[in-house]
Amino acid sequence: MIVDTETIDEFLARHSADVEEAVREAAAAEIMPRFRQLGAHEVDQKSGPHDLVTDADRNAELYLTRALGALLPGSVVVGEEAVHANPATYEAIQGDAPVWIVDPVDGTRQFVHGDDGFCTLVALVRHGVLLASWTYAPARDQLATAVRGGGAFLDGERLFAGPPEPGRDLRVATSHPDYTTDEQKRALLGLWTDGVAPRACGSAGLEYLAVARGESDATAFSWEAAWDHAAGLLLVEEAGGAHLTLDGGPFRVTGGNTLPFTAARDAATARRVLALLSGAGPDTR
């Protein structure tokens with residue numbers, strides 16, 4: 001079993017390509033054969049009509065659980081579907097073992113509707129520290145990767161988010177109202193102001209990628225599920241961006257965050273969005 005960060009770094013140096021291969025193979029075997037081919041019997045609801053799960057989600061997660069566990073003996077996998085079946089599984093994020101955080105199909109609603117805006121998300125975490133991530137959009141054949149301290153890349157090309165263009169409205173992807181409390185709705189309403197162009201988000205993983213690429217300026221999300229955020233937060237960080245929760249601290253994958261929170265293409269934009277979410281008005285520092 002891996003016992004310290006240095007040996008995890010060594011693992012990543014040796015096996016990042018193997019993780020990438022596992023992610024691609026899971027998508028090729030379990031996700032893409034069902035894309036635009038799903039039968040009604042392969043789609044179920046979880047908490048409601050906007051919270052869907054498919055055979056692709058379940059089978060891809062099982063595939064990745066086997067493959068990632070074999071690559072890194074002593075690690076554990078925390079996957080969205082396993083946690084839905086047994087919520088206690090989520091507690092492994094708090095433990096000492098390296099954790100693979102997996103969302104097999106991020107953007108299931110898009111996947112079900114035949115839209116290509118979905119992805120597979122994998123992040124490696126230890127003691128709450130994001131160490132590496134893989135964001136794979138199989139229908140677009142795009143793979144984004146990040147290693148802490150090693151940069152963010154899309155299909156092998158380095159990503160630099162950079163600051164937003166001066167004078168242009170901030171493009172901010174926000175939580176869908178169906179997934180927000182009344183208090184969170186009031187906070188998100190702070191974005192409906194001059195100089196900001198908010199819109200409902202799609203796949204969280206692809207929204208983070210858009211920020212890391214500088215195609216979008218920020219996100220404003222109101223939920224904590226680590227499988228939606230872990231891979232993308234590291235991608236944004238390594239592209240030069242920042243993330244802040246409503247109490248002013250960075251988002252923690254171990255939980256206990258003050259919501260909503262933002263991830264943005266640079267620190268100044270993160271502070272500006274946070275000020276609007278907190279009701280303090282624009283922060284232009």
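**The sheet and its surroundings**

Seven strands form an open sheet of mixed pairing, in the order S3-S4-S5-S6-S7-S8-S9; two strands pair if DSSP finds at least two bridges between them, and helices (H or I, at least four residues) and strands (E, at least two) are DSSP runs numbered from the N terminus. Strand S3 (76–79) and strand S9 (157–158) stand at the edges with a single partner strand each, so one side of each has no neighbour in the sheet. This is a predicted model, in which local features need pLDDT of at least 70 and side-chain atom pairs count only at pLDDT 80 or more, whereas totals for chains, interfaces and linings use all residues. Residues are numbered from 1 along each chain as its sequence is written, and side-chain values use heavy atoms, with hydrogens and water left out.

Strand S5 (residues 119–126) and strand S6 (residues 129–137) run antiparallel and are joined by seven bridges. Within this pair, Leu 124 stands opposite Ala 132 in S6, and Val 122 has Trp 134 as its bridge partner in S6. The two strands form a hairpin with two residues between them, and His 127 in the turn has a positive phi of about 55°. On to the next strand: S6 and S7 also run antiparallel, joined by six bridges, and Ala 137 stands opposite Gln 142 in S7. Their hairpin has four residues between the strands, with Asp 141 taking a positive phi near 50°. Eight of the nine residues of S6 are buried (under 20% relative accessible area, where exposed means over 50% and partly exposed lies in between, with a 1.4 Å probe and protein chains only), so S6 is largely enclosed by the rest of the structure.

Attention now turns to a residue in a helix. Glu 61 lies in helix H2 and is buried, with a relative accessible area of 5%. Leaving aside residues up to four places away in sequence, Glu 61 touches Gly 79, Glu 80, Glu 81, Ala 82, Val 102 and Pro 104, contact meaning heavy atoms within 4.5 Å.

The largest nonpolar core has 41 residues, and those with the most contacts inside it are Ile 101, Leu 159, Tyr 208 and Leu 235. Such a core is a set of buried Ala, Val, Leu, Ile, Met, Phe, Trp, Tyr and Cys residues joined through side-chain atoms within 4.5 Å. Elements giving two or more residues to this core include S4, S5, S6, strand S7 (142–147), helix H6 (204–213) and helix H7 (226–238). H7 supplies the largest share, eight residues. Leu 235 touches, among others, Ser 133, Ala 144, Leu 159 and Leu 209, not counting residues up to four places away in sequence. A second, separate core of 29 residues includes Val 23, Ala 26, Val 105 and Leu 131.

How do the helices H6 and H7 lie relative to each other? Their axes, lines fitted to C-alpha atoms over the stretch in contact, with angles from 0 to 180 degrees between N-to-C directions, come within 9 Å and cross at roughly 5°. H6 and H7 are therefore roughly parallel, a term for angles under 35 degrees. Residues of H6 including Tyr 208 and Leu 209 meet residues of H7 including Gly 232 and Leu 235.

Terms used:
Parallel < 35°, antiparallel > 145°, perpendicular 65-115°, else oblique.
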